[in-house]
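Dear colleague,

I am handing this structure over to you, and below it you will find my notes on what turned up. Please read them alongside the model.

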Amino acid sequence: MISVSLLSAYDYCARKLFLEQVLKLVVIPRDVVVKGSIRHEVHDKISKAEENFVKSIKKEVSYKEVLDGYKKSHSNILKQSIIKNKSKLAELKISLSEFFKNTWPLVLNESKDRAVNVHGFIKKHKVYGDELWKELSPKIETEYYVKSEDLILKGVVDKLEIYENKLVREVVPYELKTGKAPREGVWPGHKLQTGAYVLLLEKNKMFVREAFVKYLDINEARQIMMNPFLEKNVLETRDKVLELFKGKEIPVICDNKNKCASCPLKDKCYDEKFINRRMSLLS
Ligand code: SF4
């Protein structure tokens, strides 16, 4: 079974994926692992804290009051996670305040999304406390693990809105991305990744209403339209990744020199002797 994130990596540069995954030329920097695990922990705690917070709303409240409640809860969660991991951050010479400053805008977006959702629901349905939590729709889950033996794919949806009804579980997945967004639409790799999640969720008997890539730096969610072409593209890319993992053939150098210019593997990638030597070790 392969991870959905490998599809977008393949789309970016198949050769790079081969160098990383088959020739094992890259060790993920420890700071990336540590930062990623702290962020994962924060999102997990935010999801777990949701029920108690929603149940604590016992009367009509303004949007600002709901948002302030979320902000307080989420900033405490972030601070606690940073303190819990302070020795790891210190080892990497990352100051606690710097990590908070860089991570808080992403967490704040999460607070705002949840506040809009809960406040809108209260306004419409006038329910509070335990009943509010029971009725609340959508409920938001983060880091939602999904897999399918049939599709030979697995992955973690960054954020999932879940609308329960008696007949079917309706969902809206969001893939959250930092970094530059394209002028319009989404980057091809992001489209592939989100399309793969739609297929996985459907395989798991969910009805996908809509799907989005959210570019966090500009706080904009852009919709992905699922269609037979995207489905075919996902499955073909999955097959190419499976083939790549057999390690028989190294993909050619990509035709986008801008990608190569900023690639940390460029020296090794362009060194034919080195590549031939490493390839011969595979056989
Ligand atoms: S240098 Fe270019 S072709 Fe080689 S792995 Fe990097 S991006 Fe791909």
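The ligand is surrounded by C13, R15, K16, L19, I253, C254, K259, C260, C263, L265, K266 and C269, where a residue is near a molecule if its C-beta atom, placed from the backbone, lies within 6 Å of it. Two or more residues of this shell come from each of α2, α10 (257-261) and α11, and the largest share, three residues, is given by α2. By type, the shell divides into eight nonpolar, no polar and four charged residues, counting Ala, Val, Leu, Ile, Met, Phe, Trp, Tyr, Cys and Pro as nonpolar, Asp, Glu, Lys and Arg as charged, and the others, Gly among them, as polar.

Please bear in mind that this is a predicted model, in which local features need pLDDT of at least 70 and side-chain atom pairs count only at pLDDT 80 or more, while totals for chains, interfaces and linings use all residues. Residues are numbered from 1 along each chain as its sequence is written, and helices (H or I, at least four residues) and strands (E, at least two) are DSSP runs, numbered from the N terminus.

Helix α2 spans residues 14-21, and within it K16, L17, F18 and L19 are buried, meaning that 20 or more other C-beta atoms lie within 10 Å of a residue's own, whereas 12 or fewer make it exposed and anything in between partly exposed, with C-beta atoms placed from the backbone. The cover over these buried residues of α2 includes α1 (5-12), α9 (228-244) and α11 (266-270), contact being C-beta atoms, placed from the backbone, that lie within 7 Å. In α1, in turn, L6, L7, S8, Y10 and D11 are buried, and the buried residues of α1 pack against β1 (2-3), α2, α8 (188-203) and α9.

Turning to the strands, β6 (residues 211-215) is largely enclosed by the rest of the structure, because four of its five residues are buried. Strand β4 (residues 169-177) pairs with β6 in the parallel sense over four bridges, pairing being called when DSSP finds at least two bridges between two strands. On the antiparallel side, β6 pairs with β7 (residues 220-224) over five bridges, and β6 and β7 form a hairpin with four residues between them, where N219 in the turn has a positive phi of about 50°.

Finally, S95 is found in the loop between α5 (86-91) and α6 (96-125), and S95 counts as exposed because it has 10 other C-beta atoms within 10 Å.

Best regards

Conventions:
Contact = placed C-beta atoms within 7 Å.
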